[in-house]
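Have a look at the chain below, and then we will visit a few of its helices, loops and inner spaces.

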Amino acid sequence: MRATLAAVTDTFRVTATDGPARAGVLRTAHGDVPTPAFMPVGTKATVKSVDPDELRALGAAIVLGNTYHLHFRPGEDLIEELGGLHAFMGWDGPILTDSGGFQVFSLRDTLLELDDDGATFRSVYDGRPERFTPELAAAIQASLGSDIAMCLDICLPPGGARAELEDAVRRTTLWARRQRDLPRAPGQLRFAITQGGLDDELRRRSSEELVPLDFDGYAIGGLSVGEERAPMFAATTAAAAFLPDEKPRYFMGIGDPEGVIEVISRGVDMFDCVLPTRTARTGSALTWEGRLNLRNARFARDPRPLDPACACPACSRFSRAYLRHLVNQEEILGLRMLSLHNLRFLIDLVAAARQAIERGELSAWRDDALARLRRTRLEQP
C-alpha cells in the first residue's frame, strides 16, 4: 500500500513508499535524480559507444565513472586542468565516481599487500606496483569533481572465511572514518559502503559503525560478486533495513532486469552495471521476450523491431534482421544500436517501477514483470 514518508535531508527526499520500496529525489550539484535510478557505467569517462546527448535522450539522469581507471589513464590532474570530469566527457548531469576499491580487490592476481593504511597492487596498465589509500581515493575524486564520491572499501569475493569478512568490515569502517571529513569538490556528496557478505550480523555491525558517521548516502557493497541469487537478495533485504530511511541506498553492480526489480522491491534507490552495454557488444538485446541473441539464424528474416513498444533509435528505425546483419558483420552501428536499446530498456523498466511505487501497486507490477521475464526466458529455443 502506498504511503508518503517524512524522510527528508538536504540532499534526499523520499516521496512515496510501497512496502520497503521507495520513490524519491536525490539532489546533486548538477541536477536532481529521480529514484529509483539506474546509472549507466562510463568507466573511462564514456558509456561505451554512446554520446552524452544520446544518454539524455534515453532518459539517463546520472552516470558512473571509475576512480581507478581515470587515475591511471589519463590522470585526475589532467582532467582537473581541463575543467573537471563533467567538462572533460561532455556530460553536464550528475556523475558518481566509484572509489576504485572494487578493481583493487576484484583483480586479485594484482593485489600485493593489504594493511590498515591501504592496499598495494600492480596496475593493470603497466604492471608497476601502486598504492591506494582512503586519502588518495578521496583526493582523486575531489580533483575529478564528481557529484558523488564513494569511500574506498574492501570488497571480497564470495565464500571467504568469516574472519576475512570481519576484517573487511573493520577496515572499511576505519577507512570511512578517515575519509569522512577530507576535502571535497564543491557540492560533492560522499557515500560510505557497508560490507559483510551474506552474513546478517556483520551487515548489521557494518551499518551500526557507519551510520553514526552521517555520510550523505550509503551503498550496499560486496554483493553481486558471484554468489547465488537467493541468498544475495536475502542479504540485500537485511542490509537495506539496517540503513537510515532518510539517506539514499545504493546497490553496487546489478543491472539484469530481474535483479533490478528485486533490489528495488527491497528498498534500494540506486544501482549500476555494465551489463546493458556489455551484453550489446556480444550481440544480444534485453527485451520482454528475454535476452535475444541477434546472431541466431532465426532472426535472419525477422522484420519486427526488437520491441514494438520501445522508442529507442534501434526499435524505431531498424528490423531484427538488419540488426542481425550488422552484428554478424561486426559493424559498429549494430553494437551501438543494441547499446542504446539495452540502456533504454532498463531505464524504462526502472521508471515503470517508480510509477508503480507511486500508485501503491509495486507488488502486482513486480509479480507481473517477473512472470513475463521468466516465462519468455523459458520459451527461448
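Just after helix H13, Glu-330 takes a positive phi of about 55°. Helices here (H or I, at least four residues) and strands (E, at least two) are DSSP runs, numbered from the N terminus. H13 covers residues 320–328, and its buried residues are Arg-320, Ala-321, Leu-323, Arg-324, Leu-326 and Val-327. "Buried" stands for under 20% relative accessible area, "exposed" for over 50%, and "partly exposed" for anything in between (1.4 Å probe, protein chains only). Those buried residues of H13 pack against strand S17 (290–293), helix H12 (313–317) and H14.

Before going on, a word about the model. It is a predicted one, in which local features need pLDDT of at least 70 and side-chain atom pairs count only at pLDDT 80 or more, while totals for chains, interfaces and linings use all residues. Residues are numbered from 1 along each chain as its sequence is written, and side-chain values use heavy atoms, with hydrogens and water left out. The pLDDT is the predictor's confidence in each residue, from 0 to 100. The protein averages 95, and 97% of the residues score at least 70. Over residues 1–5, however, the pLDDT is below 50. Where pLDDT is low, the predicted coordinates should not be read in detail.

Is helix H10 (residues 257–265) enclosed or open? Nine of its nine residues are buried, so H10 is largely enclosed by the rest of the structure. Among them are Pro-257, Glu-258, Val-260 and Ser-265. Just after H10, Gly-267 takes a positive phi of about 100°.

Now for the inside. A nonpolar core is a set of buried Ala, Val, Leu, Ile, Met, Phe, Trp, Tyr and Cys residues joined through side-chain atoms within 4.5 Å. The largest one has 92 residues, of which Phe-271 and Leu-294 touch the most other members. Helix H14 (residues 332–359) gives the largest share of this core, 12 residues. A second, separate core of 21 residues includes Val-41, Leu-64, Leu-189 and Phe-191. Contact means heavy atoms within 4.5 Å. Not counting residues up to four places away in sequence, Phe-271 touches several residues, including Pro-36, Val-260, Val-263 and Val-350.

The loop between strand S4 (31–35) and strand S5 (37–40) holds Pro-36, while Pro-74 lies in the loop between helix H2 (67–72) and helix H3 (76–81). Here are their peptide bonds.

| Cis peptide bond | Omega |
|---|---|
| Thr-35 to Pro-36 | near 5° |
| Arg-73 to Pro-74 | about 10° |

Ala-45 sits between S5 and helix H1 (52–58), and it counts as buried at 13% relative accessibility. Ser-224 is found between strand S13 (217–220) and helix H9 (229–241), and it is partly exposed, with a relative accessible area of 28%.

Our last stop is a lining. The residues around the largest pocket divide into 15 nonpolar, 14 polar and eight charged. Ala, Val, Leu, Ile, Met, Phe, Trp, Tyr, Cys and Pro count as nonpolar, Asp, Glu, Lys and Arg as charged, and the others, Gly among them, as polar.
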